[in-house]
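Here's a quick briefing to read with the model open beside you. Have a look at the picture, then work through the notes by topic.

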Amino acid sequence: MNKRLPIGLAIIMLGVPCSLLVAFTHYPAIQALINSFWNNASSRRPSRFVGVENYQALFEDDRLAQVLINSTIYALGTIPLAIGLAIGMALLVNSRLPGTTLMRLSFFMPTMLPMIAVANIWLFFYAPGIGLASQILGIFGLPSINFLGSTDTSLASMMFVAVWKEAGLFMIFYLAALQSVPTNLKDAAKLEGAGSVRIFIDVVMPLLRPTTIFVAVNALINAFRLVDHVIVMTEGGPNNSSALLLYYIYEVTFRQRDFAYGATLTVLMVIMLGILAIFQFWVLNRKAHYQ
Amino acid sequence: MSNGLNKILLSTFAAVIAALWALPFIYSVWTAFHDEKYSANFQWDAPWTIANFLEAWQAAPFSVYFFNTLILITIILIANLILCTLVAYAFVRYKFRWAGFLFALIMVQLLISPEILIVENYLTLSRVGLTDTIIGIALPYLTSAFGIFLLRQTFLTVPKSLDEAAQIEGAGAWRVLWNIYVPLAWPIYLAYSLVSISFHWNNFLWPLIVTNSPEVRPLTVGLSVFATVDSGVEWSLVNAATLMTTAPLIIAFIIFQRQFVANFMRAGIK
Amino acid sequence: MKFRNSHAITFGIAGLMGVSSTALSAADLEFYFPVGVNAPAVATIQELTDEWAAMNPQHTVKAVYAGNYEETTTKALTAANAGQPPQVAVLLSIDLFTLIEEDVILPISDIANSDADKEWIAGFYPGFMKDAQFEGKTYAIPFQRSTPVFYYNKDAFREAGLDPEAPPASWDEMIEAGKALTVKDDNGNVTRWGTRIPTLGLGGAWLFGGLVVSKGDVLTTETGTEARIDTPATVASLEFLLELAKQEVMAPGGITWGDTPKAFLEGQTASMWTSTGNLAFIEENAEFDWGVGFLPGGDGPGAPIGGGNFYIFQETTDEEREAAMDFIRFMTSPESAARWSIATGYVAPRPDTWETPAMKAYTERLPQALVALDQLAYAEREFATFQRAKVTQYLVDAIESAVTGNAEPAAALAEAQKGADKVLGEYQ
């Protein structure tokens with residue numbers, strides 16, 4: 001049975017860490033809510049309470065609508081793709097094929113690079129007409145693609161960059177899960193005459209479920225948190241087709257210097273994440289029932 | 001169909017996939033070691049050079065950036081290890097009012113990471129006058145919900161009997177922590193450190209917003225400043241700088257590949 | 001610019017606790033400037049800064065390169081909001097209104113008000129002073145000024161049977177020449193385009209301003225409260241951009257600013273429209289015969305004036321202001337400006353610079369450098385208003401949505417006009 005925590009120890013153990021946490025997580029979230037009810041003051045515009053004006057602006061903001069659509073597509077696209085690739089990679093690396101060490105290196109390397117470095121590498125890779133992608137397409141007689149300069153491909157190009165960087169990390173988690181699959185289970189299935197595809201679907205897949213949940217949560221958070229490549233590669237363009245929510249917050253606040261609207265967008269972001277968290281919690285609970 | 005043929009096909013497929021996956025990175029390395037005029041015209045026999053690295057190193061204070069990044073990750077890592085240990089220990093070993101509620105509050109940071117709150121965190125920092133300092137970059141990250149979660153999970157696996165035996169021998173709270181809990185969690189500390197180092201080595205948006213002067217810029221921000229494109233961009237130079245700034249992590253990874261992977265797995269799975 | 005490792009340690013420790021300036025000298029200047037990867041440009045700024053410091057041992061100056069133009073303005077403003085602005089900075093001329101609104105800069109005419117000062121200010125090209133002044137006061141001193149020019153590959157012109165000494169002057173000639181210059185391979189894929197005009201982002205909006213000027217209109221006026229985004233001239237300009245792609249003279253879709261010089265050097269385009277500030281970069285890297293001409297125009301020549309000016313920040317002591325003025329005078333002096341101009345291609349902002357022997361020798365060697373200066377007579381102010389970042393975004397969105405085929409030019413511009421008017425309504 002645990003002892004009661006003496007007040008002195010509580011202050012030492014919980015005081016500093018928790019106040020730091022509150023100061024940079026809870027306080028700013030509440031502060032954003034408060035600031036979202038005020039205007040953006042400057043030397044030519046005195047500070048004033050505006051009520052829900054900033055929230056009305058949210059609804060009239062066409063760029064924001066585009067940004068939210070982009071963010072949704074980005075999350076829904078990158079997460080399953082990264083997970084699917086990660087499972088495939090893990091299976092390859094876990095196989096008894098030759099060269100698995102090199103394979104693992106190739107898959108995992110992008111994970112070690114900063115997103116900003118990844119963005120530089122891909123910026124040159126994508127450059128229409130002169131980048132490596134165009135050089136390769138040229139070998140096969142195909143026209144070059146304006147990856148980042150077309151509204152049809154820019155978001156997909158950014159998504160692929162994100163998947164390239166993340167899949168290797170997720171592969172590691174699947175690798176761990178695969179290695180913990182008991183061999184006798186597989187052997188038993190084999191004895192019953194199941195093929196390797198059957199074994200994977202019936203035996204291995206269910207055991208990967210906790211990893212998938214963990215990875216999906218991680219990928220979801222990253223989909224909202226990581227916009228470095230947008231800043232470097234497209235600045236959200238062309239025509240806002242690759243702008244993500246956090247990038248938009250950055251642009252509105254620090255480039256356009258509208259701190260009040262930035263705060264309002266922050267509130268929106270926190271609410272969205274909150275809803276997603278509740279949704280995930282609900283899914284997790286349901287999943288737990290089945291097991 | 002013979003098993004051998006199957007295996008050859010699969011091996012070829014795997015090799016092609018792995019090669020394609022590595023292609024952008026390999027090309028970037030190749031470009032960094034060749035003259036600018038080859039950067040958009042691949043040639044097998046183009047002469048190798050390290051001139052790009054020398055020029056990039058001269059053109060921006062990368063040594064300062066390296067030093068800043070080292071300081072930054074050291075501060076964050078030490079603070080993380082100490083603070084997260086204390087919180088996790090308090091939660092595992094003691095009971096107190098609202099413990100569950102407090103833990104839930106802490107876990108909020110997992111979801112709403114400091115990057116999401118850049119607007120208000122920047123205002124906070126500028127109110128206390130810590131913008132453009134390394135401490136300022138580190139502040140929001142000193143306590144990590146992920147670290148607390150990980151250590152709490154680990155501490156929970158420490159057998160109660162060990163703890164009680166130590167108490168009977170007269171060990172106080174700190175002795176128990178230091179002699180029983182910390183040693184048993186050693187692999188997790190290592191795993192967490194790796195995750196933390198690679199995360200903060202790579203972090204960009206928040207340092208970009210907080211820093212102005214080269215004296216405080218970490219590598220990522222320095223690299224982005226170096227690679228901006230108002231006038232002609234030399235790809236080979238940018239690629240050299242990109243490689244240079246990530247080299248320590250890459251080299252460390254190649255050398256300690258197995259341990260890295262094992263530790264990353266541990267950090268995620270528990 | 002060299003950085004020794006021992007410096008790293010001191011820098012690092014200073015950085016850890018915030019940059020504290022030692023009060024040993026009369027004034028410690030911090031000087032922000034924007035620059036790309038073009039290493040010689042950074043080195044030149046550093047050299048000039050060091051020379052000034054050597055001549056003024058009582059002062060210190062620290063040159064901080066802070067990224068591209070937009071990033072440098074962002075940095076200067078965030079630093080000013082935090083109460084630690086640089087004393088002096090080179091920032092975009094079009095950010096004048098933003099800087100005034102944020103109340104962070106000082107009218108230079110308030111501190112440089114002697115007769116000699118007035119004469120000195122009057123010695124700059126009037127074209128460059130247009131966007132340095134507001135409500136009768138001079139807020140900025142021109143330094144890193146430019147207009148875009150038409151770079152073309154003379155070898156490609158010869159190959160296409162065009163006169164390499166007569167670049168296209170009008171839009172129609174541009175399309176004619178461009179058709180001749182475009183080359184396709186056996187698969188029907190274009191290997192060389194006729195021309196390349198960046199259409200994305202701030203760079204795209206800048207060049208678009210040139211098209212509008214050549215049609216006899218302007219995008220903004222000196223009031224900073226008027227955006228003329230939806231006019232016959234703008235619609236014609238945007239339609240011209242689409243026509244270039246339609247006639248297969250220019251690559252379809254959005255075209256980035258950053259890759260443009262590279263595409264030109266690689267022969268992927270036979271000509272490009274970009275800043276004269278790329279002259280030195282092109283001269284150093286081009287492996288073909290190349291020339292520079294005025295931007296082809298709609299109804300005649302026309303170009304936007306762009307680039308950066310010196311600003312002095314409000315939060316400065318009298319000594320710092322005096323030192324900053326002295327520094328600016330030094331940087332824009334004929335000898336310094338000539339070196340800066342030669343190292344980059346930016347247009348030296350005063351006639352006396354062009355009279356220096358160094359500059360004369362330079363223009364003799366590289367007559368292309370004179371084009372931007374001559375074009376100045378036909379150039380107009382760049383798009384600048386209050387809330388510049390927000391208002392320009394409407395224009396950028398309109399151009400981008402049209403060139404990527406997502407909207408009709410007229411509709412896109414009308415939409416942008418509505419957005420801009422809403423923001424600027426507060427100021428009128």
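Two residues are in contact here if their C-beta atoms, placed from the backbone, lie within 7 Å. On that basis, the contact between chain A and chain C takes 23 residues from chain A and 28 residues from chain C. Keep in mind that this is a predicted model, where local features need pLDDT of at least 70, side-chain atom pairs count only at pLDDT 80 or more, and totals for chains, interfaces and linings use all residues. Residues are numbered from 1 along each chain as its sequence is written, with chains lettered from A and ligands numbered from 1 in the order in which they are written.

**Where chain A meets chain C**
- The side of chain A that touches chain C is made up of seven nonpolar, twelve polar and four charged residues.
- For those classes, Ala, Val, Leu, Ile, Met, Phe, Trp, Tyr, Cys and Pro count as nonpolar, Asp, Glu, Lys and Arg as charged, and the others, Gly among them, as polar.

**The core**
- The largest nonpolar core has 305 residues; such a core is a set of buried Ala, Val, Leu, Ile, Met, Phe, Trp, Tyr and Cys residues joined through C-beta atoms within 7 Å.
- Buried means 20 or more other C-beta atoms within 10 Å of a residue's own, exposed means 12 or fewer, and partly exposed is in between, with C-beta atoms placed from the backbone.
- Among the residues with the most contacts inside this core are Phe170(A), Val87(B) and Tyr311(C).
- Leaving out residues up to four places away in sequence, Tyr311(C) touches Ala89(C), Leu91(C), Leu99(C), Ile105(C), Tyr139(C) and Ala140(C).

**Chain B**
- Chain B has 14 helices and one strand, which are DSSP runs (helices H or I, at least four residues; strands E, at least two) numbered from the N terminus.
- Of its 270 residues, 52% count as buried.
- The C-alpha trace of chain B spans about 75 × 70 × 30 Å along its principal axes.
- Ser193(B) sits in helix α10 (residues 186–202), and Ser193(B) counts as partly exposed because it has 17 C-beta neighbours inside 10 Å.
- Leu77(B) is 116 residues from Ser193(B) in sequence, yet the two are 6.7 Å apart in space, C-alpha to C-alpha.

**Two domains in chain C**
- Chain C is split into domain 1 (5–146 + 306–377) and domain 2 (148–305 + 381–425), with bounds from an automatic or database domain assignment.
- Their contact takes 29 residues from domain 1 of chain C and 27 residues from domain 2 of chain C.
- The C-alpha centres of these two domains lie 28 Å apart.
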